[in-house]
Each structure stands twice: as C-alpha cells, then as structure tokens.
Amino acid sequence: MITIAIDGPAASGKGTLSRRIAEEYGFHHLDTGLTYRATAKALLDAGLSLDDEPVAETMAREVELGGLDRSVLSAHAIGEAASKIAVMPAVRRALVEAQRGFSRKEPGTVLDGRDIGTVVCPDAAVKLYVTASPEVRAKRRYDEIIAGGGTADYGAIFEDVKKRDERDMGRADSPLKPAEDAHLLDTSEMGIEAAFQAAKTLIDAALKEKI
C-alpha cells in the first residue's frame, strides 16, 4: 500500500495534479478539503449553527468519503462555512481519523489538502508541497470563474487568496506548512502537463527508493 501526500495553498494546482497522479498510478484519490465542505453543507442543510462544535463533530463523523460531489461542494457559501468549522479541533480530529482510514486503501492513495504530509499521513511514501505565487493563484481562480461563465474581480480574489494563506498558515491546529521531507514543486511558471511530469519524476524516484 502506497500513500502520496500532496499539500499546498489554495489554487496552487494541487487538486488537478492530485487527480491526474491518482489516475496515472491507478490509486484512490481524496480531496480532503471536500470533507470539511461536506460537513459544512450538512450543517447548513439541517439549519444548524456553525458555532456548535459538538454538533459539527457529529456531522463530521457521518460524512461519506465516497460520495463527495466537487461541483456541489465548491459553492462559495459552503466554502465560507467550511472555513468556520475547519478551525474546530474536534471536527479536525474526526475528519483526520476518516482521512487516515481512506489512506489505507489498496493498492494506494493520493490525498491532497493542507496538512496531509505533516498531520494526516506523516509516514506517506511520497510527499509533495505544491505552491505558486499569490498573484498566479489569484489569476488562475479568476480565469476559472470567467471560463465557467461567471463574473469576477481579480483584486478581490487576490485579497481573498492572501487572507486564506494567512488563516491556513497561522492557525494553531495543523497549520499549512511543508513537511520536512516534502518535495517542493512551484507551479508559478508551469502548465498542468509540466507540473505533472515534474511530480511524476519525483514520485517515481521516491517509489524506487521504497522498493
């Protein structure tokens, strides 16, 4: 059983890269950020408070990892709600437990998020930390919204990216940071294909060492 841990800030390209890697190696994939969004959606759907940690923990323990719908869970309101419950230690413990269970699937798994290599799967066979400059990440998010037929303000997105970075890197519980043994992959000047090839080279070399 092989686990590949992929961490990085918002809009760094880690999600697209993770799905591509999972497909390449025939591994199961989990976007751990969606587990927080699914918990938040369950609370919103039930009309429950986002400030009640015991209730949020109960919802977190009921999340089905196999039924996470990215298209539904990517709604902005769900993301805002998820950021409120993601700071709750009891919610994090419940979801980390579920994520660790997922990581033990055969023949292997790819998990992406903010604390996979440092907290969820510290013994992962391969750890990547995927990043890009805030300007590039904001432009990617902007282009994605425009391509989807929406309207967007680049300045507002850029400020949002910076705020999320501060929140993710500054939180007391499981802050976003590279694991000491993670391979850094800066995708600022890379397209997805170049990033995938760079990641594949790192993963193949790491897997070879493990055999």
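**Reading salt bridges in a predicted model**

A: The side chains of K200 and D204 form a salt bridge, with 2.9 Å from N to O. This is a predicted model, where local features need pLDDT of at least 70, side-chain atom pairs count only at pLDDT 80 or more, and totals for chains, interfaces and linings use all residues. Residues are numbered from 1 along each chain as its sequence is written, and side-chain values use heavy atoms, with hydrogens and water left out.

Q: What is a salt bridge?
A: Side chains of opposite charge can pair when their charged atoms come close. The cut-off: a side-chain nitrogen of Lys or Arg within 4 Å of a carboxyl oxygen of Asp or Glu.

Q: How many salt bridges does a search of the whole structure find?
A: The search finds 13.

Q: How many residues apart are K200 and D204 in helix α10?
A: Four, or about one helical turn; helix α10 covers residues 192-210. Helices (H or I, at least four residues) and strands (E, at least two) are DSSP runs, numbered from the N terminus.

Q: Which residue forms a salt bridge with K127?
A: D181 does, with the closest N and O atoms 3.0 Å apart. K127 lies in strand β4 (residues 126-131) and D181 in the loop between α9 (154-170) and β5 (183-186), so the pair ties together parts 54 residues apart in sequence.

Q: Is K127 buried or exposed?
A: Buried means under 20% relative accessible area, exposed over 50%, partly exposed in between (1.4 Å probe, protein chains only). K127 is buried at 7%. D181 is partly exposed at 47%.

Q: Which residues are linked in a network of salt bridges?
A: E57, R61 and E97 are linked this way.
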